[in-house]
Amino acid sequence: MTSSRGHQGAHGIGQVEKQLNRQAQAAEEIQGTNHTDQEIIAASHEQSSVLEEIVDTESE
């Protein structure tokens, strides 16, 4: 029964994330994005050289 509750909790978290993303998108459409938000979004799309180094090291 515990695993069922855990599964329900994980499912609920996913639903909350989706709802928050929809709210953030709606707010952005209404208000636009500020400079800081744009920088964060751009940074999140950049590849991390540190991560590449870790992956390269692990694959050797």
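What percentage of the 60 residues of the protein chain count as buried? The share that counts as buried is 0%. The views below come from a predicted model.

**View 1. Helices along the protein chain.** The protein chain holds 3 helices and 0 strands. In sequence order, its pattern reads α-α-α. Helix α2 covers residues 35–45, and helix α3 covers residues 49–59.

**View 2. Surface of the protein chain.**

**View 3. His35 in helix α2.** His35 belongs to helix α2. The relative accessible area of His35 is 53%, so this residue counts as exposed, the cut-off being over 50%. A polar contact of 2.5 Å joins the side chain of His35 to the side chain of Glu39.

**View 4. Confidence along the protein chain.** The mean pLDDT of the protein chain is 75, and 62% of the residues score at least 70. Confidence is highest in α2, at 82. The lowest mean, 64, belongs to helix α3.

Terms used. Residues are numbered from 1 along each chain as its sequence is written. This is a predicted model: local features need pLDDT of at least 70, side-chain atom pairs count only at pLDDT 80 or more; totals for chains, interfaces and linings use all residues. Side-chain values use heavy atoms; hydrogens and water are left out. Helices (H or I, at least four residues) and strands (E, at least two) are DSSP runs, numbered from the N terminus. Buried means under 20% relative accessible area, exposed over 50%, partly exposed in between (1.4 Å probe, protein chains only). A polar contact is a pair of N or O atoms within 3.5 Å; within protein, one must be able to donate a hydrogen and the other to accept it, and residues adjacent in sequence count only if both atoms are side-chain atoms. pLDDT is the predictor's confidence in each residue, from 0 to 100.
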